[in-house]
Amino acid sequence: MKIQIVNDYQQLSEVAANLVAGQVILNNNPVLGLATGSTPEGMYHRLVQMCRNGVLDFSNTTTFNLDEYLGLSPDHPQSYHFYMYRHFFHLVNVPPQNIHLPPGLDSDPSQACRLYDRKISEAGGINLQILGIGVNGHIGFNEPHNYLKTGTHLVELEEETVEANSRFFDSPEEVPRRAITMGMRGIMQAEKIVLLASGENKARAMKEATCGKISTRVPASFLQLHRNAIFIVDREAAALL
Ligand code: GLP
C-alpha cells in the first residue's frame, strides 16, 4: 500500500483522474470499479473534460459501481444511479450496456447480489477500483462489524453513516437504512485500488486505515494487504498520519 499526500482537493481530483485515464488508455477493455460520494466528484469532472477534449475514449470501458441504497429508484435524486448518470455516464461515452450498478429496487435482492458478482467475474474482474472512505472507515457500504462479508450483499447502515450521508437528504429520516454493496472480495480482487480521502473529518479514518491494526472494525484497513493499493490523501485528511 502506498500513500500519496497532495495539497488539496484539486490536486487529489487531478491525480485520481490521471490514474483512471492511464488505465483507460493502456487497457484495451478496461473494467473500472466506481464510487460515489462527494470525494470523487472532482475526478469525474476532469474525466468528463478529458473525454470531451478527445483525450479519453470510454467506448471499450466497462464499469461496476460499488453500492446503492436499497429502496431508491434510479431516478431518485439521492440514488447512486442518479449521481453516476449526472456526474459521469450522461457526459461520457461508456456504452450503456457496459454500465453496472447494484439495483436499489429488485424483487429479489439476494439473487441480484449473486448476479452482480457473476457479471464482475464474466467481465474478467476489475482492473482499477476507485474508493472513497466513510468517517468510520467503511469502504463501499462495508460497515465496521465483528465480521465482514465477501460477496455483494445487503447491509444495515451504521448510525454514523446515516448521519454523514444525511447532508444529501432533506432530513435524516429520509436516508435509507439499508443498502446493497460489493463485498470485500470484490474490492480486494481488483488489480489496482485507488482510495481518495479529503477533509479533516476523514483524518481519524485515514489514521486507523493506514497505521492501525487490520481489523473488521475498520474495513479500509484491509487495503494494507493489497499489493497495488494507493491512498491519495489531501493535507487535511492526512493530518494524523
Ligand atoms: C458513502 C458511500 C461510500 C463513500 C462514502 C464517503 O457512504 N457508500 O462509497 O466512500 O459515502 O463519501 P464522501 O466522499 O461523500 O465523504
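A salt bridge is a side-chain nitrogen of Lys or Arg within 4 Å of a carboxyl oxygen of Asp or Glu. The structure shown here is a predicted model, and by this rule the count comes to 5 salt bridges. Side chains of opposite charge can pair when their charged atoms come close.

Arg178 has a relative accessible area of 37% and is partly exposed. Glu156 is exposed, at 53% relative accessibility, because the cut-off for exposed is over 50%.

Another salt bridge is formed by the side chains of Arg204 and Glu160, at 3.2 Å from N to O.

Glu208 is partly exposed, with a relative accessible area of 29%. Through shared partners, the salt bridges join Glu160, Arg204 and Glu208 into one network.

The next topic is the interior. In soluble globular proteins, nonpolar side chains tend to be buried together. In this model the largest nonpolar core has 60 residues, and Met43, Phe58, Phe88, Ile130, Leu195 and Leu223 are the ones with the most contacts inside it. Helix H1 (residues 9-26) supplies the largest share of this core, 7 residues.

What does Ile130 touch, leaving out residues up to four places away in sequence? Its contacts are Val20, Gly33, Leu34, Ala35, Met43, Leu66, Val194 and Leu196. Met43 is also one of the residues with the most contacts inside the core. Apart from this core there is a second, separate one of 10 residues, which includes Tyr69, Leu72, Val155 and Leu157.

The model also holds a ligand. It is surrounded by 13 residues, of which the closest are Ser38, Thr39, Asp67, Arg167 and Lys202. At Ser38, a polar backbone atom is 2.7 Å from an oxygen atom of the ligand. At Asp67, an N or O atom of the side chain is 2.7 Å from a nitrogen atom of the ligand. At Arg167, a polar side-chain atom lies 2.7 Å from an oxygen atom of the ligand. Taken alone, the ligand exposes 390 Å², and the protein buries 96% of that.

Asp57 sits in the loop between helix H2 (41-52) and strand S3 (62-65). Its relative accessibility is 45%, so Asp57 counts as partly exposed. Beyond residues up to four places away in sequence, Asp57 touches Val24 and Asn93. With Asn93 there is a polar contact of 2.7 Å between the two side chains. The side chain of Asp57 makes a further polar contact, of 2.9 Å, with the side chain of Ser59. Asp57 and Lys149 are 92 residues apart along the chain, and 35 Å separates their C-alpha atoms.

Asp117, by contrast, is found in helix H4 (residues 109-122). Is Asp117 buried or exposed? Its relative accessible area is 18%, and Asp117 is therefore buried, since the cut-off for buried is under 20%. With residues up to four places away in sequence not counted, Asp117 touches Gly151, Thr152 and Arg185.

Note on methods
Residues are numbered from 1 along each chain as its sequence is written. This is a predicted model: local features need pLDDT of at least 70, side-chain atom pairs count only at pLDDT 80 or more; totals for chains, interfaces and linings use all residues. Side-chain values use heavy atoms; hydrogens and water are left out. Buried means under 20% relative accessible area, exposed over 50%, partly exposed in between (1.4 Å probe, protein chains only). A nonpolar core is a set of buried Ala, Val, Leu, Ile, Met, Phe, Trp, Tyr and Cys residues joined through side-chain atoms within 4.5 Å. Helices (H or I, at least four residues) and strands (E, at least two) are DSSP runs, numbered from the N terminus. Contact means heavy atoms within 4.5 Å. A residue is near a molecule or strand if one of its heavy atoms lies within 4 Å of it. A polar contact is a pair of N or O atoms within 3.5 Å; within protein, one must be able to donate a hydrogen and the other to accept it, and residues adjacent in sequence count only if both atoms are side-chain atoms. Accessible areas come from the Shrake-Rupley method with a 1.4 Å probe; for residues, only the protein chains shown count as cover.
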